[in-house]
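Please open the structure in your viewer and keep the selection tool at hand. The tour below goes from stop to stop, saying what to select and what is there.

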Amino acid sequence: MLKALLNKQILEFFSLFTGSGKMGKKSNKKGMTVLYAVVFAYVFGAGGFMMYQIADALCPSLCSVGMGWLFFAIIGLMSVSLSVIFGIFTTQPMLYDAKDNDLLLSFPISASKILFSRMFLLYLQNLIFSLLIFIPAVVVYNSTVGTQPLTLVLQVIVMIILPLLSLVVECVVGWIVAVITSKMRRKNIVTLVLSVALLGAYFYLTTKMTDYMEYITGNAQQLGAKIINAFYPFYQMGRGACGEISSLLVFTGISLVVFAIVYFILSISFIKITTTKKGAKKVKYTGQMLETMSVSSALFKKELNRFFATPMYMLNCGLGVIFHIVIIVFVIVKKDALFEVFSVITVFEHHTLAMLVALTCAVAGMDLVTAPAVSLEGKNIWILQTMPLDSWQVLKAKLKLHLTINLPSSVLCIALTGAFMDVGVVGIITAEAFTIIFVCFCAVIGLICNLKIPNLNWTSEAVVIKQSASVLVSMLVNLGTIFAFGGLYYLLQRFLPAEIIILIFAIVLLAVTAVFTRNLKINGSKKFSYL
Amino acid sequence: MLKIEHLTKKYGNKLAVDDLNLHIQGGEIYGFIGHNGAGKTTTLKACCGILQFDDGEIYIDGVSIKKDPIACKSKIAYIPDNPDLYEFMTGIKYLNFVADMFSVPKSERNERIKMYADMFELTDDLAQPIGSYSHGMRQKLAIISALIHTPKLVIMDEPFVGLDPKSSHQLKQLMREICNNGGAIFFSTHVLDVAEKLCDKIAIIKDGKLIKCGVTEEIKGDSSLEAVFLELEGDDA
């Protein structure tokens with residue numbers, strides 16, 4: 001029974017990456033494999049490189065004073081923290097809000113098995129995080145102290161066990177949120193506030209990373225003592241990763257026991273949480289006069305309603321707005337520090353305008369409002385398909401939502417940062433032109449990707465928004481476009497001023513966006529009608 | 001009102017609908033019966049313009065669904081077998097949204113929503129989110145939304161599933177009323193008693209092929225529709 005449940009979860013997980021329409025058509029398998037190889041290579045390459053830099057800055061100095069275990073303990077803490085920060089957004093919906101709750105609960109399966117199968121999927125997610133963070137650390141450690149086969153085996157075991165601890169923390173927080181919000185009418189707001197707070201914590205820690213690394217290397221002994229007291233399992237984990245078998249056994253034992261306790265507690269409350277009806281007070285309809293709207297306005301309003309009704313959608317696809325504001329504030333407050341950085345890194349010197357455009361567009365490129373927009377229609381897609389309207393109108397409403405969310409903050413970001421960084425009026429105008437076109441480009445790309453790889457058979461919208469193929473591919477295309485223009489800029493900057501280069505790029509991108517939009521209008525509309 | 005000519009639809013190598021011909025005239029309630037997987041839903045979806053077909057033609061009130069799907073869709077209403085509606089909307093917002101899609105004038109939409117919501121005893125719940133609705137309530141809402149624009153042709157897939165006896169009775173009366181006003185109903189069902197009493201004509205489909213169609217009385221003869229259906233199923237097995 002449990003095996004069948006796990007199979008179902010794994011099938012569901014992989015269906016996110018293959019995509020499926022109403023009639024169960026699957027996308028080209030070979031193409032998807034290549035695509036995912038590229039996406040994972042990119043994610044692991046970029047993330048792994050960053051982790052390698054951090055590990056390289058910490059490991060040699062800690063190993064030289066015989067505190068290799070502290071290095072692994074810190075890496076372990078980072079792994080758990082990042083897994084929790086990013087996993088907490090999906091934990092609650094994946095554990096408790098799946099659409100197949102009633103179906104599964106009606107089967108002769110214990111609630112604990114249903115819970116276990118869902119936790120298994122979360123474990124896999126955490127394992128990916130763990131590998132991303134741990135593999136560079138293991139590489140750096142072994143190249144610093146020399147590779148021992150037994151130590152390597154123990155390090156692999158640590159990588160497998162550690163995600164259990166992340167899972168425990170995520171589940172406890174997810175459970176608390178579920179208990180608090182299960183009877184709340186405004187459950188979305190609690191989820192949103194908590195998620196923003198966690199993300200804020202993450203970015204705060206990221207900006208302080210250099211300070212922390214200096215502190216760690218300078219105060220290894222004191223910090224080691226603190227970790228032994230406050231994070232004892234991580235002390236044992238660190239020693240285990242350095243080759244101590246007994247420590248690894250202690251760490252494994254602690255992790256398994258803690259997991260078992262949390263699993264047991266969650267199993268008891270699982271049915272209650274999943275079946276508790278929302279405690280919203282019944283509102284009686286009083287028969288007010290209804291207002292009419294044009295078709296395009298009604299479609300846009302529907303898209304807006306969905307966006308603001310789904311905290312996950314807002315967070316994952318509208319986060320760039322907050323980042324743009326952070327950039328604006330940072331530029332205003334730390335303008336001199338930024339110039340200092342630009343002058344130290346010679347590649348950036350005299351290229352303030354290009355840097356501002358790249359930064360603003362990189363943030364806009366991660367706001368993927370359209371990328372899950374078609375998949376989110378899910379089993380409701382028949383409603384729009386049976387209406388007497390051109391599918392292009394539906395797609396336009398989705399594009400409009402993307403622009404409404406992303407365009408104002410992007411435009412404001414360029415205008416204000418450009419003014420504060422003294423890039424000149426012409427610079428600001430060309431930068432605005434490029435940024436506006438880039439946001440339009442991202443909107444179109446997201447929709448094209450989602451129409452190519454739709455997934456209408458989801459059980460949790462959180463996974464469609466966070467992990468579906470179209471979201472990953474759109475992000476890759478958006479960021480790849482910025483890198484491509486960055487490379488071209490590097491080649492052209494010796495011959496042309498930044499304003500001219502950016503203007504040329506804007507014209508090129510406009511042409512590309514126009515071609516894609518035309519393709520979306522003709523082929524995308526047809527595809528949407530029969531998904 | 002609905003003319004299906006040589007409709008053929010394949011899923012990969014599987015022939016879901018095979019050269020199906022059917023003509024439904026205004027004023028008729030046409031029942032569509034067949035075993036699970038016979039091709040009923042595929043046919044209904046093709047008639048609504050939400051499923052491409054490989055061969056044949058479908059005309060709604062003389063207009064080809066292939067050539068002018070928007071004109072066709074403005075004349076029809078579709079109620080699927082499972083009423084999956086926008087859970088993030090309230091019932092009334094959903095009805096208003098559908099009315100906007102069909103450009104129903106303000107006074108008419110208010111009047112019709114009130115009339116149908118009262119009829120199906122859903123008025124008090126219209127301000128509630130659809131996410132909190134039971135299956136039956138969603139089905140009622142789907143029916144109301146389908147009738148807002150006074151369609152000429154109503155295509156329904158198992159419309160009585162989830163409805164309480166009173167609502168089921170109301171729906172049957174409404175179906176007859178639509179036909180009395182010149183409209184037509186084309187619906188699939190597994191409830192043969194209902195089909196026998198309600199339908200003017202019946203079509204029986206098996207493995208994608210139309211094996212019998214015509215006036216209900218003629219099809220069942222002195223026997224019951226159930227007996228005829230079971231016999232036909234057995235004959236071809």
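**A tour of chains A and B**

Begin in chain A by selecting Asp422(A), which follows just after helix H17(A) and takes a positive phi of about 50 degrees. Bear in mind throughout that this is a predicted model.

Is Phe300(A) buried or exposed? Phe300(A) counts as buried because it has 20 C-beta neighbours inside 10 Å, and 20 or more is what the term requires. Leaving aside residues up to four places away in sequence, Phe300(A) touches Ala397(A), Lys400(A) and Leu401(A). If you also select Phe71(A), which is 229 residues apart from Phe300(A) along the chain, you will find that the two C-alpha atoms are separated by 51 Å.

The next stop is the largest nonpolar core, which has 207 residues, and in which Ala137(A), Leu447(A), Ile144(B), Ile155(B), Ile185(B) and Phe186(B) touch the most other members. Helix H18 of chain A, residues 425–452, gives the most to this core, with 16 residues. To look at one of these members in detail, select Phe186(B), which touches Leu2(B), Ile24(B), Tyr30(B), Phe32(B), Cys47(B), Leu153(B) and Ile155(B), when residues up to four places away in sequence are not counted.

Move on to the sheet in chain B, an open sheet of 4 strands in the order S2-S1-S4-S5, with antiparallel pairing. Its edge strands are S2 and S5 (63–64) of chain B, each of which pairs on one side only. Select S1(B), residues 2–11, and S2(B), residues 14–24, which run antiparallel and are joined by 7 bridges; in one of the places to look, Tyr11(B) has Lys14(B) as its bridge partner in S2(B). These two strands form a hairpin with 2 residues between them, and Gly12(B) in the turn has a positive phi of about 65 degrees.

Next, colour chain B by its division into domain 1 (1–75 + 156–161 + 188–237) and domain 2 (76–150). The C-alpha centres of these two domains of chain B lie 26 Å apart, and the contact takes 11 residues from domain 1 and 6 residues from domain 2. On the side of domain 1 that touches domain 2, helix H1 (40–48), helix H2 (69–73) and strand S7 (153–157) of chain B each supply at least two residues.

Finish where the chains meet: how many residues of chain B are in contact with chain A? There are 32 residues of chain B in contact with 27 residues of chain A. To see the side of chain B that touches chain A, select H2, H3 (91–101) and H4 (106–119) of chain B, the elements that give two or more residues to it; H3(B) gives the most, with 5 residues.

Conventions:
Residues numbered from 1 in each chain as written. Chains lettered and ligands numbered in written order. Predicted model: local features only at pLDDT ≥ 70, side-chain atom pairs only at ≥ 80, totals over all residues. Pairing = 2+ DSSP bridges. Core = buried A, V, L, I, M, F, W, Y, C linked by C-beta atoms within 7 Å. Buried ≥ 20, exposed ≤ 12 C-beta atoms within 10 Å, placed from the backbone. Contact = placed C-beta atoms within 7 Å. Domains from an automatic or database assignment.
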